[in-house]
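Student: I have a structure to go through with you. Can we take it step by step, from the overall fold down to single residues?

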Amino acid sequence: MATPAQWVAGARPRTLPAAVVPVAVGTGVAVAEGGAVWWRALLALFVALALQIGVNYANDYSDGVRGTDKDRVGPMRLVGSGAAAPKEVLAAALGCFLAAAIAGLALVVVTRAWWLLLVGLLSILAAWFYTGGSRPYGYRAMGEISVFVFFGLVAVAGTTYVQLERLPWLALAAAVPVGLLACALLVVNNLRDIVTDGPSGKRTLAVVLGDGRTRLLYAAALIVPFLIALGVVPDRPFAAIAVLALPLAITPVQTVRSGATGPALIATLQQTGRLQLAFGALFTLGLAL
């Protein structure tokens, strides 16, 4: 039986900035537009966190039963390591999805935006079929696209909408750098696992692009967000303070560009998460001022 600490590790807490940052930035946009509703923002945060943890457990389950986690480098996998039975991890994933659905339904009811039900359903399906089902799209080089859409566009715009009940252009513009930084987490994760994913049949974008181009993609995903933040300065001048997080991008970019592989990239994943949090906090503040 897995210990509580193993369950926490299996939830992959270092990936949680991907859930926190879009909600923060979306709320920053709502503040800028004069319509922030804090309890709705907190409910949106719960939805995002539940979905992120749910997809982490779902990936653990699906990869574990396929055997693709057998020789994996990085954080522990509950099923792959034998610490937890597959049915237990599956139950944890489904429980997280259910919790997200209930909280999301509350937001739908208060906003009366019933079309959000479809968005929520698509979010859960995307979370499950990333590595679940007979034809997981995460095994077909589409993981980064999904992350950009759901942890960038949908999460930021959705957080703004449930507070304002309208969607300003600034929410969509702010969603792009958030989505790119979320993609960077997946890119470096898949770069680390490229040597085991290919032979196991998991054709991630890193496997398809190859080592060199994946490293270029990672660098771009870290640098372009700062350019976009500067692009919204004419409308929100204080958004420029997001550039203060730029020094945090130097070490991970240098590490990846230097050819680091395997365990050496675990620290880079952590650094990417810290950069994402710092950029998100500064960008949120800049948008709100």
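**Fold, cores and contacts**

Tutor: This is a predicted model. Along the sequence the pattern reads α-α-α-α-α-α-α-α-α-α-α-α.

Student: How many helices and how many strands are there in the protein?

Tutor: The pattern along the sequence holds α elements. The count is 12 helices and zero strands.

Student: Why is the protein said to be as compact as a globular protein of that length?

Tutor: The C-alpha trace spans about 50 × 45 × 30 Å along its principal axes. For 289 residues the globule rule gives 19 Å, and the radius of gyration of the protein is close to that, so the protein is as compact as a globular protein of that length, at 18 Å.

Student: Among contacts between residues at least 6 apart in sequence, what percentage joins residues at least 24 apart?

Tutor: Start with burial: 51% of the 289 residues count as buried. For the contacts, the share joining residues at least 24 apart is 76%.

Student: Which element gives the most residues to the largest nonpolar core?

Tutor: That core has 45 residues, and those touching the most other members are Val25, Tyr218, Leu222, Leu275, Phe279, Phe283 and Leu287. Two or more residues come from each of helix H2 (17-32), helix H6 (143-164), helix H7 (169-192), helix H10 (211-231), helix H11 (247-257) and helix H12 (266-288). With 15 residues, the top contributor is H7.

Student: Which residues does Tyr218 touch, leaving out those up to four places away in sequence?

Tutor: Tyr218 is one of the core residues that touch the most other members. Its partners beyond four places in sequence are Ala184, Val187, Val188, Pro252, Val253, Val256, Thr268 and Thr272.

Student: How many residues are in the second, separate core?

Tutor: Nonpolar side chains tend to be buried together in soluble globular proteins. The second core is separate and includes Leu43, Val79, Val89 and Tyr161. Its size is 31 residues.

Student: Which residues make the nonpolar surface patch of about 440 Å²?

Tutor: One member, Leu121, lies in helix H5 (residues 116-129). Leu121 counts as partly exposed because its relative accessibility is 47%. The patch is made by Leu118, Leu121, Leu122, Leu125 and Phe129.

Student: How far apart in space are Leu121 and Gly104, C-alpha to C-alpha?

Tutor: In sequence, Leu121 and Gly104 are 17 residues apart. In space, C-alpha to C-alpha, the distance is 10.0 Å.

Student: Which residue forms a salt bridge with Arg166?

Tutor: The whole structure has five salt bridges. In this one, the closest N and O atoms are 3.4 Å apart. Arg166 sits in the loop between H6 and H7, and its partner, 133 residues apart, in the loop between H2 and helix H3 (38-66). That partner is Glu33.

Student: Is Arg40 buried or exposed?

Tutor: Arg40 forms a salt bridge with Glu165, with the closest N and O atoms 3.0 Å apart. Arg40 is in helix H3 and Glu165 in the loop between H6 and H7, so the pair ties together parts 125 residues apart in sequence. Glu165 counts as partly exposed, at 33% relative accessibility. Buried means under 20%; with a relative accessible area of 11%, Arg40 is buried.

Student: By about how much of a helix are Arg215 and Asp211 separated?

Tutor: Their side chains meet in a salt bridge of 2.6 Å, N to O. Arg215 is buried at 4% relative accessible area, whereas Asp211 is partly exposed at 35%. Because they are four residues apart in helix H10, the separation is about one helical turn.

Student: What is the phi of Arg112?

Tutor: Most residues other than glycine have a negative phi. Arg112 is in the loop between helix H4 (86-111) and H5, and counts as exposed at 57% relative accessibility. Its phi is positive, near 60 degrees.

Student: Where does Glu165 lie?

Tutor: Glu165 is not a glycine, yet has a positive phi of about 60 degrees. Its place is the loop between H6 and H7.

Key: Residues numbered from 1 in each chain as written. Predicted model: local features only at pLDDT ≥ 70, side-chain atom pairs only at ≥ 80, totals over all residues. Heavy atoms only, no water. Patch = residues over 30% accessible without salt bridge, like charges linked within 9 Å, V, L, I, M, F, W, Y side chains within 5 Å. Areas by Shrake-Rupley, 256 points an atom, 1.4 Å probe, with all protein chains shown as cover. Salt bridge = Lys/Arg side-chain N within 4 Å of Asp/Glu carboxyl O. Buried < 20%, exposed > 50% of the residue type's maximum accessible area, 1.4 Å probe, protein only. Core = buried A, V, L, I, M, F, W, Y, C linked by side-chain atoms within 4.5 Å. Contact = heavy atoms within 4.5 Å. Rg over C-alpha atoms; globule rule 2.2 N^0.38 Å.
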